Amino acid sequence: MEVKISAKDVKNLRDQTGAGMMDCKKALVEAQGNIEDAIAYLRKNGQKLSAKRADRDAKEGAVIALTSANRNNGIIVRLSCETDFVAKGDAFIALATTIGEIALKNLPDSMEALLALPFDNEMNIGDKVIEKVGVFGEKVEVKAYEKLTTAAGEGQVLPYIHMGNRAAVLVAVNLEGPEFVEPGKNVAMQVAAMKPIALDKDGVDATVVKKEIEIGMDQARQLGKPEAMLEKIAMGKLNKFYKENTLLAQSYVKDSSMSVTSYLQSIDKNLTITAFKHVTLG
């Protein structure tokens, strides 16, 4: 016997899942009016859609940065989708924010651990994201997760979200106190604008250093410089590379007459950045 599906039931299912009205009605018909079975149907539909769209590019989305009330912990979550239209929707931003809030509360050590955390009483984050593929009609995935923490009394973590959730930064400042919040956020903006690859030269990967030295030597050789001078010239170019690509050595974007380190020391001679995280779309 066919079960009559009321508009109220459809609205209830839509409120719970965010799926379209017609999708909710179809799910309720398939589930003979049972809400839980209808949710399972939508979830399965999402899983099928996710598989069909697995080869699609999900370069749009939202990047969320959140910090704890005591500023000792911070996280960045990137939730990706296929189109800017979906990425800017309230439901998508809300989903990304909720995942970020769960991450901040639990501080998982890996992406796998994040996806395994409970989203609600029904499913974990990974399954919820799969379900939302059916809701949004696009490939949806948690593409990146980063965390940054400081011990109590040893600094604070500050967030910056750039260009309408298209990028996010966390910086760890070594000194606590409200007077260091604005300088820290200014440096977070620097990270978003200048995209440093490391905090300082000690943080640059050895393979990158080797490559830059080789490039510098080859350039000098092509200019006819003596072979005995090549390494010295390459080291000079390497120092320029550090200045352009490591955060503390970069010119400060708001005042190019000083470096980021000089800017921080102008606030407090002991102030510095101990770590940063940067996640972007694309």
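A: **The largest nonpolar core and its surroundings**

In this predicted model, the largest nonpolar core has 25 residues, and those touching the most other members are Val77, Leu79, Phe92, Ile99, Leu114 and Val142. Two or more residues come from each of strand 1 (60-67), strand 2 (73-81), helix 4 (84-87), helix 5 (90-106), helix 6 (111-116), helix 7 (125-136) and strand 3 (141-149). Helix 5 is the greatest contributor to this core, giving seven residues. In soluble globular proteins, nonpolar side chains tend to be buried together.

When its neighbours within four places in sequence are set aside, the contacts of Val77 are Ala62, Val63, Ile64, Ile99, Gly100, Ala103, Leu114, Val142, Ala144 and Tyr145.

Three strands form an open sheet in the order 4-5-8, and their pairing is antiparallel. Strand 4 (156-162) and strand 8 (273-280) are the edge strands; each has a single partner, so one side of each lacks a neighbour in the sheet. On average, and with direction ignored, neighbouring strands here are turned by 15° against each other. Strand 4 is joined to strand 5 (residues 167-173) by seven bridges in the antiparallel sense, and Leu158 stands opposite Val171 of strand 5. Helix 8 (residues 181-194) packs on this sheet and touches strand 4, strand 5 and strand 8, its direction making about 45° with that of strand 4.

Met194 belongs to helix 8. Its relative accessibility is 41%, so Met194 is classed as partly exposed. Beyond its neighbours within four places in sequence, Met194 contacts Gln250 and Val253. Met194 and Leu175 are separated by 19 residues in sequence, and their C-alpha atoms are 23 Å apart.

Most residues other than glycine have a negative phi. Lys195, although not a glycine, has a positive phi of about 50°; Lys195 lies in the loop between helix 8 and helix 9 (206-222). With 49% relative accessibility, Lys195 counts as partly exposed. Met163 likewise is not a glycine, yet has a positive phi of about 55°, and Met163 sits in the loop that runs between strand 4 and strand 5. Met163 is exposed, because its relative accessible area of 54% is above the 50% limit.

These parts belong to a fold with eleven helices and eight strands. The protein has a radius of gyration of 24 Å, whereas a compact globule of 282 residues would be near 19 Å. The C-alpha trace spans about 90 × 50 × 30 Å along its principal axes. Buried residues account for 41% of the 282. Of the contacts between residues at least 6 apart in sequence, 62% join residues at least 24 apart.

Definitions and conventions. Residues numbered from 1 in each chain as written. Predicted model: local features only at pLDDT ≥ 70, side-chain atom pairs only at ≥ 80, totals over all residues. Heavy atoms only, no water. Core = buried A, V, L, I, M, F, W, Y, C linked by side-chain atoms within 4.5 Å. Buried < 20%, exposed > 50% of the residue type's maximum accessible area, 1.4 Å probe, protein only. Helix = DSSP H or I, 4+ residues; strand = E, 2+ residues; numbered from the N terminus. Contact = heavy atoms within 4.5 Å. Pairing = 2+ DSSP bridges. Axes fitted to C-alpha atoms, helices over the stretch in contact; angles between N-to-C directions. Rg over C-alpha atoms; globule rule 2.2 N^0.38 Å.
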